[in-house]
Amino acid sequence: QDMQDALEMARMAVENGIMVMVATPHCNIPGVYNNYYDENYKHTFNRVRRALKENDIPLILLPGLEVFATPDLPQLIREGKIETINGSRYLLMEFPFEEVVEYVEPILDAVIDMGICPVIAHAERYEFIQKNPSIIDRWKRRGILIQVNKASLVGKFGRHSYNVAHLMMKRFQVDVIASDCHRPYMRTPGMIDVYETLERKYPIEYLEAVFEENPDRICSNEDVVDFAAESKF
């Protein structure tokens, strides 16, 4: 909500061992968040970066957006209104939770045709995925990346999100686990608790990839590790 919240969240992140965060405010939600990658974003982003330095908080902040996907998204990208994750080829995208896949996939196709790789935000929360998880198989074959919210993995977004999140984890289809943090007192940036919960269920090498290695590769515009293709798992 304000700089105080931002700095408190940054401190919490550092205390959880997080060294880099991508600032991904909601973007392009009609009638709700009509903000884009513009001068206001850049001004606010730079203010927070300066405040981190002035307050001796050792956190690297990178630019990005969580983009609500609409049919005009390709045009918005061409107009320079959309920022990928740290200027990479990876774009964090979300959809209406109750939307149908027939609406979603043409937008994904158009973005992919532009040479951009979609990263699907909180894929486990969409009703069409919960009803038909095999859609993820199709998306993975196209190179689409899957991000899961930490809260879903501990049941805070309901049974359906929990079940689909763990199904994708068991199939090594998840590329990134993210905080989806919103506040310093709820949906926080803390990641240690969920990591400790998951390390009892999944290979440590996989957890290292989805918590650290793949996020780093995305921010550096490199290919991610695809554990579903690794025979040792």
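Is N221 buried, partly exposed or exposed? This is a predicted model, so to speak: local features need pLDDT of at least 70, side-chain atom pairs count only at pLDDT 80 or more, and totals for chains, interfaces and linings use all residues. Residues are numbered from 1 along each chain as its sequence is written, and side-chain values use heavy atoms, with hydrogens and water left out.With a relative accessible area of 35%, N221 is partly exposed (buried means under 20% relative accessible area, exposed over 50%, partly exposed in between, with a 1.4 Å probe and protein chains only). N221 sits in the segment after α9 (204–219), and its phi is positive, about 65°, although N221 is not a glycine. F172 also has a positive phi, near 55°, without being glycine. This residue belongs to the loop between α7 (159–170) and β8 (176–178) and, at 12% relative accessibility, counts as buried. Helices (H or I, at least four residues) and strands (E, at least two) are DSSP runs, numbered from the N terminus.

Now for strand β5 (residues 90–94): 5 of its 5 residues are buried, so the rest of the structure largely encloses it. Y90, L92 and E94 are buried on one side, L91 and M93 on the other. In a regular strand, side chains alternate between the two faces of the sheet.

β5 has parallel partners: β4 (residues 66–68) over 3 bridges and β6 (residues 117–120) over 4 bridges. Two strands pair if DSSP finds at least two bridges between them. Across from M93 in β5 stands V67, while Y90 stands opposite C117 in β6.
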